[in-house]
Amino acid sequence: MYISGIPDEIFKYNNSESDKLSGLTPNQTHELIYNPLGENSCIKFSSTINSEILDEIPFFRISEELLKIIKRDGFIKLTPIGALPKKILVELYDFRFIVDEHIESGINKLYREDVCVPIKTARIVCESTNLVKKTKGKLLLTKNGERCLKNENRVELFKIIFLIFSEKFNWAYNDGYTKEPVGQYGYLFSIYLLKKFGDKENSTNYFAEKYLQVFEKFITYFNEDYSTPEKLFNSCYTLRTFERFTEWFGLTKLSGKNSYFDLENAKITKTILFEKIFILE
């Protein structure tokens, strides 16, 4: 039994824009978190994504080329620890879809998979789809993988890769921060923030603070002695959300970093490609 007036108040609250939610309503935020890119999500894939657009998405291109190599060679024999062999690493890196500053400078040599995080991640993501199967230490294409490699199915392939990366692959796997899903949980809220505020250059901390307003509990997982929780959270969020998500998918441009580890002055803007991939309803 409802107390008189309460249902109307709840409805009004759930459907009223909130400053804390950066202009979204609680209902819209709920859909972004629990039904990302779904029917009621205010952020959706554009219906005009085409091959020309897909050619500009670095992480998708790495994943697609990896699948093409499997198709060309019949299979890829993995190393004893389940990684890609050096020959395949070099072939994929030579496309230069995503370059690594340590490899470019000569500090690191591309002799094992761990040296190149984007390629390693692409292999894991592809293994997590129904596009490939791993049998007796070999990667082989499935029938669905062969189908999705046809030109007319590239958009479908992109959506599979994107959704597996964003919703199934564990972003925390690639760094030394907390195992909690900082950045990945509610990732589409970050896409919304970029859609709304990404036209002009803002600090990455600007977006981190807006994300933290919604997901407040995440700050409690950063309590190391050598820095403040806020700085550690901001660094983690920037690395996972921008450096290894939106940058990899060509959605943003990151600038102003003093060094590989120093993100204090990092700034972010969305790219033209961003507008071609996502729409706000």
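This is a predicted model: local features need pLDDT of at least 70, side-chain atom pairs count only at pLDDT 80 or more; totals for chains, interfaces and linings use all residues.

Reply: Helix H10 covers residues 187-197 and helix H11 covers residues 204-214; their axes come within 10 Å and cross at roughly 130 degrees. Angles from 65 to 115 degrees count as roughly perpendicular and those over 145 as roughly antiparallel; H10 and H11 are therefore oblique to each other. The handedness of the H10 and H11 crossing is right-handed.

Two packed helices are described by the angle between their axes and the distance between the axes.

Helix H4 (residues 58-73) and helix H5 (residues 86-93) have axes that come within 10 Å and cross at roughly 130 degrees. H4 and H5 are therefore oblique to each other, and their crossing is right-handed. From H4, the residues Ile62, Glu65, Leu66, Ile69 and Arg72 take part, and they meet Ile88, Glu91 and Leu92 in H5. The class division for this contact is five nonpolar, no polar and three charged residues.

Helix H4 also packs against helix H9 (residues 154-167), at an angle of about 110 degrees and with the axes 10 Å apart. That angle makes H4 roughly perpendicular to H9. The crossing in which H4 passes H9 is right-handed. On the H4 side the contact is made by Phe59, Phe60, Arg61, Ser63, Glu64 and Leu67, and on the H9 side by Arg154, Leu157, Phe158, Ile161 and Phe165. Seven nonpolar, one polar and three charged residues make up the contact of H4 with H9.

Phe165 of H9, which belongs to the contact with H4, is also one of the residues that line the largest cavity. The count of cavities of 30 Å³ or more comes to two, and the largest has a volume of about 70 Å³. Together with Phe165, its lining consists of Phe169, Trp171, Asn174, Asp175, Leu239, Arg240, Arg244 and Trp248. Helix H12 (residues 229-246) gives the largest share of this lining, with three residues. By class, the lining of the largest cavity holds five nonpolar, one polar and three charged residues.

Helix H5, described above as a partner of H4, has a part in an open space as well: H5 and helix H7 (117-127) each supply at least two residues of the lining of the second largest pocket. About 160 Å³ of space lies in this pocket. Its lining comprises 15 residues, and those nearest its centre are Thr79, Ile81, Ala83, Glu113 and Asp114. The lining of the second largest pocket divides into seven nonpolar, two polar and six charged residues.

The H9 residue Phe165 leads from the H4 contact to the lining of the largest cavity, while H5 contributes to the lining of the second largest pocket.

Key: Residues are numbered from 1 along each chain as its sequence is written. Side-chain values use heavy atoms; hydrogens and water are left out. Axes are lines fitted to C-alpha atoms, for helices over the stretch in contact, and angles run from 0 to 180 degrees between N-to-C directions. Helices (H or I, at least four residues) and strands (E, at least two) are DSSP runs, numbered from the N terminus. Angles under 35 degrees count as roughly parallel, over 145 as roughly antiparallel, 65 to 115 as roughly perpendicular and the rest as oblique. A crossing is left-handed if the near helix is turned anticlockwise from the far one by less than a right angle, and right-handed if clockwise. Contact means heavy atoms within 4.5 Å. Ala, Val, Leu, Ile, Met, Phe, Trp, Tyr, Cys and Pro count as nonpolar, Asp, Glu, Lys and Arg as charged, and the others, Gly among them, as polar. On a 1 Å grid over the protein atoms alone, a cavity is a set of points where a 1.4 Å probe fits but cannot get out, and a pocket is an open set with protein on both sides within 12 Å along at least five of seven lines; lining residues have an atom within 4 Å of a point. Grid points are joined across faces, edges and corners, and a volume is the space filled by probe spheres set on the points.
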